[in-house]
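Subject: Structure for your review

Dear colleague,

Please find below the structure that I am handing over to you.

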Amino acid sequence: MQAIDYPEVAAALKAHTGADKVVIFDHTLRDSTVESGRAQLREPVRRVHDDQTLESAPRRVMRHLAPDEAAWRLQRRFAILNFWRPVGGTVQQAPLAICDARTIEPSDLIPSDLVYPDWTGETYAFAFNPRHLWYWYPRQMPWEATLLKIYDSATDGRARLTAHTAFDEPTGTARGRPRRSIEVRSIVFW
């Protein structure tokens, strides 16, 4: 997986963003039928969230780069991106939904600890806001990838994060083929 997908994802991210460096730091395989506690697979996340906060993203850079390079890179623009795509078939259960960043207010963001065995990260949960506009891609195919901007250090008015979640479609298609997906997490530097 890492030997093939990681170089392909890094090349795609460079091509689509113009970044000069991509650091892939992990990936997650998800399955909508997974049993709780299975180590290799995880359930789709069915709560609105973003994988990093404005405070935790720079710490992520420091975890994955040498101290001198991290200090240098943190003075320039960087972003954390998730490359998300279905595997094994069309998404019929628990599709990915993305909130229009222009409809997110700072007061919607709720920092939440994410505790690992060796360190504590931080993610955002989101308060309900009737202004939120949501989009989703029905029946997404394995060759159709979605880039999620998890964090952007730029403060010039562009989107800095992406609220996202899995959901059950109201049309009752949740009885179709289980969703299987992969998200490859990376830091891109300009």
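Overall composition

Please bear in mind throughout that this is a predicted model. The protein chain contains three helices and ten strands. Read from the N terminus, its elements follow the order α-β-β-α-α-β-β-β-β-β-β-β-β. The chain has 190 residues, of which 45% count as buried. Of the contacts in the protein chain with a separation of 6 or more, 78% are between residues 24 or more positions apart.

The four-stranded sheet

Four strands form an open sheet in the order β1-β10-β3-β8, and their pairing is antiparallel. The edges are taken by β1 and β8 (146-152); each has a single partner strand, so one side of each is left without a neighbour in the sheet. From one strand to the next, the twist averages 20°.

Two of the pairings can be described in detail. Strand β1 is joined to β10 (residues 180-189) by ten bridges in the antiparallel sense, and within this pairing H27 has V184 of β10 as its bridge partner. Strands β3 and β8 also run antiparallel and are joined by six bridges; here A79 stands opposite D152 in β8. As a general point, the strands of a sheet pair through backbone hydrogen bonds, either parallel or antiparallel.

Although β8 stands at an edge of the sheet, five of its seven residues are buried, so β8 is largely enclosed by the rest of the structure.

Helix α2

Which residues of α2 are buried? They include S56, A57, R60 and V61. These residues cover an arc of only 155° around the axis, which puts them on the same side of α2. The buried residues of the helix pack against β1, α3 (67-73), β3, β6 (120-126), β8 and β10.

Two arginines

Is R30 buried or exposed? R30, which is found in strand β1 (residues 21-31), is buried, with a relative accessible area of 5%. The side chain of R30 is joined to that of E183 by a polar contact of 2.9 Å.

R46 lies in the loop between β1 and β2 (49-50). At a relative accessibility of 42%, R46 counts as partly exposed, since that value falls between the limits of 20% for buried and 50% for exposed. Apart from its neighbours within four places in sequence, R46 is in contact with S32, A94, T165, A166, F167 and D168. One of these residues, A94, is 48 residues away from R46 along the chain, yet the C-alpha atoms of the two are separated by 8.2 Å.

In short, R30 is buried, whereas R46 is partly exposed.

With kind regards

Definitions and conventions
Residues are numbered from 1 along each chain as its sequence is written. This is a predicted model: local features need pLDDT of at least 70, side-chain atom pairs count only at pLDDT 80 or more; totals for chains, interfaces and linings use all residues. Side-chain values use heavy atoms; hydrogens and water are left out. Buried means under 20% relative accessible area, exposed over 50%, partly exposed in between (1.4 Å probe, protein chains only). A polar contact is a pair of N or O atoms within 3.5 Å; within protein, one must be able to donate a hydrogen and the other to accept it, and residues adjacent in sequence count only if both atoms are side-chain atoms. Contact means heavy atoms within 4.5 Å. Two strands pair if DSSP finds at least two bridges between them. Axes are lines fitted to C-alpha atoms, for helices over the stretch in contact, and angles run from 0 to 180 degrees between N-to-C directions. The arc is that of the directions from the helix axis to the C-beta atoms.
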